[in-house]
Amino acid sequence: MHTGGFAKWTRRFEDERERRRAQGDPDWGQSATLHPAVWASIQRFQVGEDGDGANLVGKTDQAGDADYGQAVRLFIAEEQNHARLLARLLAAGGMPTLTGHWSDAVFVRLRRLMGLRMELLVLMIAEVVALRYYRALRDGTDDSLTADVAGRILSDEQRHVPFHCERLHASLAELPRAMRRPVMTVWRVLLLAVSLIVAVDHGPALRRLDIGRLRFVVDVITSSHAVVSAVLMPRSDAWTSVG
């Protein structure tokens, strides 16, 4: 498959890595005070951010695009940094990390079922849900350390979405034209199902973050319009309203 153009994404990830180094970490000397429901929610998201990405790297290498492979490795490093930031935030609040959670286990199994296209479609569901969650976490609390951490992660996720959209566009271009939109329709149905599960599972935290279950689901599904457009008919501004 020809997926040229991913060298620019490698440069963007590298530039962001250097910016993070120059910026430094949040002020971990601060304590963090949140409602127990919000702490429990962050614990579960921290598990989802953690992982070595070996399965995704293996499928990426099989695709035969060195530039894309390097960009994916840098993407995984950012996700691992998210897990580190959330773990430090939990520690600042005197909360432990979890060793695992059923929702993360389900996502991992789904992503490993088939090839790179399926992996990215499932991964994109998690990314779009995460966009709305971290925005709620950033804007829905008065805790400055939490808002700082959530804002940093949200900024990264807003770059991850167009990165995955570009690769999915190249992947779906291999399918007959008549199949492409139905694939994304099924993706949106799965996104709705996952959004409902997250809304139920994290409902107490969402209420504390002043969003609520229904609004969370509606916002996630509304944002999916931009994702579908970016995958099927890419243009420079197609993804900007996501999150």
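Author: Accessible areas are computed by the Shrake-Rupley method with a 1.4 Å probe. In this predicted model, the chain exposes about 11,400 Å², and 55% of that area comes from carbon and sulfur atoms. Of the 243 residues, 47% are buried. The chain contains ten helices and zero strands. Among contacts between residues at least 6 apart in sequence, 80% join residues at least 24 apart.

Against this background, the structure holds ten aromatic pairs. One of them joins Phe 45 and Tyr 134 in an edge-to-face arrangement, with 5.8 Å from centre to centre and 75° between the planes. Phe 45 belongs to helix 2 and Tyr 134 to helix 6 (residues 116-139), so the pair ties together parts 89 residues apart in sequence. Phe 45 and Tyr 134 are both buried.

A further pair is formed by Tyr 68 and Phe 163; it is tilted, because the planes stand at 35°, with the ring centres 5.8 Å apart. Since Tyr 68 lies in helix 4 (residues 66-92) and Phe 163 in helix 7 (residues 144-172), this pair ties together parts 95 residues apart in sequence. Tyr 68 and Phe 163 are likewise both buried.

Tyr 68 and Phe 163 also belong to a cluster, in which ring pairs link them with Phe 6, Trp 9, Phe 13 and Phe 75.

Terms used: Residues are numbered from 1 along each chain as its sequence is written. This is a predicted model: local features need pLDDT of at least 70, side-chain atom pairs count only at pLDDT 80 or more; totals for chains, interfaces and linings use all residues. Side-chain values use heavy atoms; hydrogens and water are left out. Helices (H or I, at least four residues) and strands (E, at least two) are DSSP runs, numbered from the N terminus. Buried means under 20% relative accessible area, exposed over 50%, partly exposed in between (1.4 Å probe, protein chains only). Contact means heavy atoms within 4.5 Å. Rings of Phe, Tyr and Trp (its six-membered ring) pair if their centres lie within 6.5 Å; planes under 30 degrees apart count as stacked, over 60 as edge-to-face and the rest as tilted.
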